[in-house]
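Me: I have a structure open and I'm new to it. Can you walk me through it?

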Amino acid sequence: MTDFSKDLKSKYERLRSNYASRDARMGLVRMIRQGRMNEVYPDLFPAGPLNMGIVANMIDVAAHDLAEVLAPLPAFNCASSKSVSDAARKFAEKRSLVVQGYVAHSDLGRQMYRAADQYFTYGHAPSMIEIDDENKMPRITFCDALGSYPVFDRWGKVKEAMFSYTLTRDELLEKYPQAARVIRPPSGSYNMDKSTHTVVRYHSATQNIMFMPDKDGLILEQYANPVGICLAEWTVRPTVDGEPRGQFDDVVGVQLAKGRMALLALEAANKSVQAPLVLPPDAQELALGPDSVLRTASAEKVRRIPLEVPQSAFAEQGVLDSELRNGSRYPEVRTGNTDSSIVTGRGVQALMGGFDTQIRAGQAMFAKTLENLVSKALELDDKIYPNLERTMRGNMQGTPYEIKYKPSRDIKGDYTVDVQYGLMAGLDPNRALVFGLQARGDKLISRDFLRRQMPFALDATEEEQMVDIEEMRDALKTAVAGYAQSIPVMAQQGQDPGEILERVAEIISGREKGKPIESVITEAFAPEEPPPGEGVPGMDGIDPAAQGGPPGAGGINSDGTMRGVAPGQQGMGPGGRPDLSMLLAGLSSSGEPNMQANVSRRLPI
């Protein structure tokens, strides 16, 4: 064994010793979540089918619920410091698509559920960047919290990290075939080898090493770190002393006591049913079974011996349940049990306050971790595969895409990325919409910012283009409708509306053929070439309407406003109706969104 192998083995032993108390707590909580309560305190649970408890495992329920709320991924955006330049914006958008490709390739959406579960259960979630040599891409991986040992610097950054795995011989050879040269099965018992082996992965700013401490630190694999920084990251739940502690470390005993009290209550009920009978002296025979007959002159004295169970025993179960919820910070309203007011919603909001703050804190921790991971993935890709052009497919904010990129051209040393969970994360969709419309209505935020912060996936740039197209198409249809409304007036004035009818009919025919509205309107209103010698209509400064033409033929008044639209209603809906923002941007006194619109009609005096 070399000196370097000895140093690795001794460093691993020191780290494992330093984190011994943490590992003990993690192992205890894992056993409780697995339902193995009888193995934690065997004296509290009897042997038999009820040895695992008969109450709901609230620790497991709360951990799953918290993880499922925290797990959805944030938004990844690569902003440019020179965003005023079109080239810089396109460069930033290309890197954003590359980052989305990393996220999809790493299957980060599914990994986050396990990572969030470990964050709440154990108090920390380790992760790192690995090199996927088969696909020639970096891969983001969240690792198991058990057996992971970090070394932090004074600013909380990971300097070194070790991940230990206990594997059987077959698992070891399947994951790490290079270990076959040192793992030999016992003679004549190849298929009966059930022994386990420990493999440790060591990562630092200079080296990535895989070794076996139970084989005197034998190094199985070693290569230099091409990035020059440790590729591991840690998401640590805030604690008072910096040592990771899970959310349920302090309520393990409460869960066990609750399970034990439930067993005692069941035992008391069983003994009450099985208690012996008390008979008067004149009863000479005792008949058993259904429809049995018992002869006695004092039937009122026939009874079972009562088992006195103090009411405080049942009250204690409620106390334990309350302590379990308080200690785990899991509100009762999450399970549907609440007596709060459903009219104002304030009671529910108060009960959910602690739950929401946990999610916000977790999002803040994971946002920084994901930012560092993606930045390291960009740097790793740029330094290992700088000139390798690849095709990447993915889905960005609900829109699938396919791009070709080369790290030296499309990353080009820029590893910055912005990770945001959104301004309205944690709000229900109704209140998120109302809050956004209120801020937008007061000009506090822009439409683009609001789109990017909405609690659902959409491509903000593409949506802006689609909205503009829809608005222009609506404007075209409104213009054509106003043009057609001049037909009755022209008929009353004795003018020929044939040209208008012909153009409207041409638009309808074009739409029936499936042509876009803008195409059929352009074709219907294509200007005719004037006969030779005639000027262009409208260039002599004379309003066509002033010469007896149809009302609104000019379309624009002399002051620049639209014809046929009342003053003060320019840009508003027909009849001056308010838009959706004005309809929704309000809350009632009960805290609910105001979804009403009023119409007032008055007779002229």
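Reply: Accessible areas here come from the Shrake-Rupley method with a 1.4 Å probe, and for residues only the protein chains shown count as cover. On that basis the protein exposes about 35800 Å², with carbon and sulfur atoms supplying 54% of it. This is a predicted model, in which local features need pLDDT of at least 70, side-chain atom pairs count only at pLDDT 80 or more, and totals for chains, interfaces and linings use all residues. Residues are numbered from 1 along each chain as its sequence is written, and side-chain values use heavy atoms, with hydrogens and water left out.

Me: What does the protein average in pLDDT?

Reply: The average is 78, and 76% of the residues score at least 70. pLDDT is the predictor's confidence in each residue, from 0 to 100.

Me: OK, the overall make-up. How many helices and strands?

Reply: The secondary structure comes to 18 helices and 14 strands. Of contacts with a separation of 6 or more, 65% are between residues 24 or more positions apart.

Me: And how much of the protein counts as buried?

Reply: 35% of its 605 residues. Buried means under 20% relative accessible area, exposed over 50%, and partly exposed in between (1.4 Å probe, protein chains only).

Me: Which residues touch the most other members in the largest nonpolar core?

Reply: F76, Y102, F142, A232, F366, L370 and L378, out of 70 residues in that core. Helix α10 (residues 346-384) gives the largest share of this core, 10 residues. Apart from it lies another core of 11 residues, including L15, Y149, V200 and I209. A nonpolar core is a set of buried Ala, Val, Leu, Ile, Met, Phe, Trp, Tyr and Cys residues joined through side-chain atoms within 4.5 Å.

Me: What does F142 touch?

Reply: Leaving out residues up to four places away in sequence, F142 touches L108, Q111, M112, R114, A115, P126, S127, F366, L370 and L373.

Me: Now the surface. Which residues make the nonpolar patch?

Reply: L277, L286 and L288 make a nonpolar surface patch of about 310 Å². L277 lies in strand β10 (residues 277-278) and is partly exposed, at 38% relative accessible area. Like charges are joined within 9 Å, and nonpolar side chains (Val, Leu, Ile, Met, Phe, Trp, Tyr) within 5 Å.

Me: What is phi of K412?

Reply: Near 55°, a positive value in a residue other than glycine. Most residues other than glycine have a negative phi. K412 lies in the loop between α11 (407-410) and β14 (418-420), and is exposed at 62% relative accessible area.

Me: And K443?

Reply: K443 has a positive phi of about 65° and is not a glycine. K443 is in the loop between α12 (429-441) and α13 (447-453).

Me: Is G436 buried or exposed?

Reply: G436 is buried, with a relative accessible area of 1%, and lies in helix α12. The C-alpha atoms of G436 and L450 are separated by 6.4 Å, and the two are 14 residues apart along the chain.

Methods
Patch = residues over 30% accessible without salt bridge, like charges linked within 9 Å, V, L, I, M, F, W, Y side chains within 5 Å. Salt bridge = Lys/Arg side-chain N within 4 Å of Asp/Glu carboxyl O. Helix = DSSP H or I, 4+ residues; strand = E, 2+ residues; numbered from the N terminus. Contact = heavy atoms within 4.5 Å.
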